[in-house]
Amino acid sequence: MANYQIAQLDEIPGVPCPCGTARRAFAEFGEGLATVHMTTISAEAQTHYHKRMTEIYVILEGEGFMELDGERIPVRPRSSIFIKPGCRHRAVGNLQCLIVPIPAFDAADEWFD
């Protein structure tokens, strides 16, 4: 087995998530260290948090806001946001984001108030 893996994010089927639709890569490859998601934010994006995961959001396209513990922060392409465990968050706007969960994404670590 190679010591690398390549993912073509636009060819991975999208799955529903609290933010909209996510295309997730490397869940089986990275031994639980990290994954990467290309996520299209929907108007119904839900505020949520994680107890274990840290997330890094990178805005690829669009303009809008990140809601972080109740504060609205404007974002635009190339904005990058580091979100620690426990921070209630959601993206707002017509956005395309690259999201890196660390450790790897785990649906059991999505929490809602």
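The protein exposes about 6,800 Å², of which carbon and sulfur atoms supply 53%; such areas come from the Shrake-Rupley method with a 1.4 Å probe, and for residues only the protein chains shown count as cover. Please keep in mind that this is a predicted model, in which local features need pLDDT of at least 70, side-chain atom pairs count only at pLDDT 80 or more, and totals for chains, interfaces and linings use all residues. Residues are numbered from 1 along each chain as its sequence is written, and side-chain values use heavy atoms, with hydrogens and water left out.

Turning to the build, the protein has zero helices and nine strands, where helices (H or I, at least four residues) and strands (E, at least two) are DSSP runs numbered from the N terminus. Along its principal axes, the C-alpha trace spans about 45 × 30 × 20 Å.

What lies inside? Buried residues, meaning those under 20% relative accessible area (1.4 Å probe, protein chains only), make up 40% of the 113 residues. A nonpolar core is a set of buried Ala, Val, Leu, Ile, Met, Phe, Trp, Tyr and Cys residues joined through side-chain atoms within 4.5 Å, and the largest one here has 17 residues, with Ile 41, Tyr 57, Met 66, Ile 81, Ile 83, Leu 95 and Cys 97 touching the most other members. Strands β4 (54-61), β5 (64-68), β7 (80-83) and β9 (96-102) each supply at least two residues of this core. A second, separate core of five residues includes Leu 9, Ile 12, Val 36 and Met 38.

How values were computed. Buried means under 20% relative accessible area, exposed over 50%, partly exposed in between (1.4 Å probe, protein chains only).
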